[in-house]
Structures are given as structure tokens and as C-alpha cells.
Amino acid sequence: LNLPCLYNGMNLTETAALDATGGKAPYNWTLVPIGSGKILPSGLFQKKPPLGAGDGSILYGTITENGTFQFNATVTDSLGNTCTRNHTIVVHPKLDISVPSPIPSARVNQPYNLTLGAVGGNGEYVWSLDPDTIPSTGFPGLSINPSTGVVSGIPDQVGIYKFNVILKDTCGQEVSQEIETLVYEPMTIVS
């Protein structure tokens, strides 16, 4: 089975997912679910009559369902010879960023930490900050741990600072989220 890492919401253009060698072409592919499950996730289709010309080796569509899908793929050649192999397709949930609400404020000259969470995806994440949105002044050293999603820095000026966090998984999904943090002076008693 020749498929990339799949995720909910992915648009799979016509992809030669099934392949055979030997026998006598042309081939015809038939997919049958293993057990009582579905063959393919919702939104993913096998290209063959009546859905279009083809031998059934092409899959296409926009996936709208998470889960694991198991099926037997049987290829039949022009002489009537058959070969069957079982396959599993895993569709990962759509990736998203979880942000605490409200976003904690920061104090001037005090260490700031904001813990973000990853939701969905395939469980292997890389966090980063969009370099074009990192404040040029007022929040020096603003960074994010690429493994944990913890944003940190020590602001040195009062203000409202906006920056974008980017989250990627190894399935090719990428999402971003704008973060707005208020930085204020620590309170002191003057008399």
C-alpha cells in the first residue's frame, strides 16, 4: 500500500495506492473489509467504475474520519488469476493547538512561561515561533521549547505582545495560533 501519512481533513489527489507485478495486465482491484469495519474512511474513494475510469488502484478524496481501517485487496489479472493481501490504513485526527484561557500575564523583568498543548495529529510534534512575529523589543529572548511547547522569556517593557506559535507533526500537518500576552509592572507599595 503506497500512501503517505494520512490525517482527517487531508485532500488526497489521485494517488496510486495499490500496485501489483506479474500476471497479465490489465489488472482489476477489489477491496473487501476485514471483519465488520469499513474499507476506507469517509471521504476517501477508490477510482473505478462507476466512480470513474480506472482499475481500482487509485485512491482519492478529502478524508473526513479518524480511525483504523482494515481491508483485503484482491487484484485480478486479465487471465483471471488473483492475489490477495490485507492492508491497514490509519487516519490521524486533525492537528490543533490548545491554549490556556485566559492566557497568563507576564511581569517586567520576571521569567515568563506559557505551556501550550498539542491536540490530535500523530503524536510526534515540533513547536516553533514564527520569526516574523517575534517582538523586536520589549520581550528579549522569547522562545519556545520545540519538544514541549513551553513559551518562555523575560520581558523588559510593559505592553501587549503578539506572536504566532507554529505546531507541526510528522504527518505533514501544520497549524498556527496567535498568542497575545499582557506585560505589566510588578505592584509595589510606595507609602
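The legends below describe close-up views of aromatic ring pairs in a predicted model.

**View 1. Aromatic pairs in the whole structure.** A search of the whole structure gives 3 aromatic pairs. Rings of Phe, Tyr and Trp (its six-membered ring) pair if their centres lie within 6.5 Å; planes under 30 degrees apart count as stacked, over 60 as edge-to-face and the rest as tilted.

**View 2. The pair of Phe45 and Tyr60**. The ring centres of Phe45 and Tyr60 are 5.8 Å apart and the planes stand at 40°, so the pair is tilted. Phe45 belongs to strand β4 (residues 44-47) and Tyr60 to strand β5 (residues 58-62), so the pair ties together parts 15 residues apart in sequence. Strands are DSSP runs (E, at least two residues), numbered from the N terminus. Phe45 is partly exposed at a relative accessible area of 40%, and Tyr60 is also partly exposed, at 22%. Buried means under 20% relative accessible area, exposed over 50% and partly exposed in between (1.4 Å probe, protein chains only).

**View 3. The pair of Phe139 and Tyr161**. With centres 5.7 Å apart and planes at 85°, the rings of Phe139 and Tyr161 are edge-to-face. Phe139 sits in the loop between β12 (125-129) and β13 (143-144), and Tyr161 in strand β15 (residues 159-169), so the pair ties together parts 22 residues apart in sequence. Phe139 is buried at 1% relative accessibility, as is Tyr161 at 9%.

**View 4. A cluster of rings.** Tyr112, Phe139 and Tyr161 are linked into a cluster by ring pairs.

**Notes.** Residues are numbered from 1 along each chain as its sequence is written, and side-chain values use heavy atoms, without hydrogens and water. Local features need pLDDT of at least 70, side-chain atom pairs count only at pLDDT 80 or more, and totals for chains, interfaces and linings use all residues.

Notes
Helix = DSSP H or I, 4+ residues; strand = E, 2+ residues; numbered from the N terminus.
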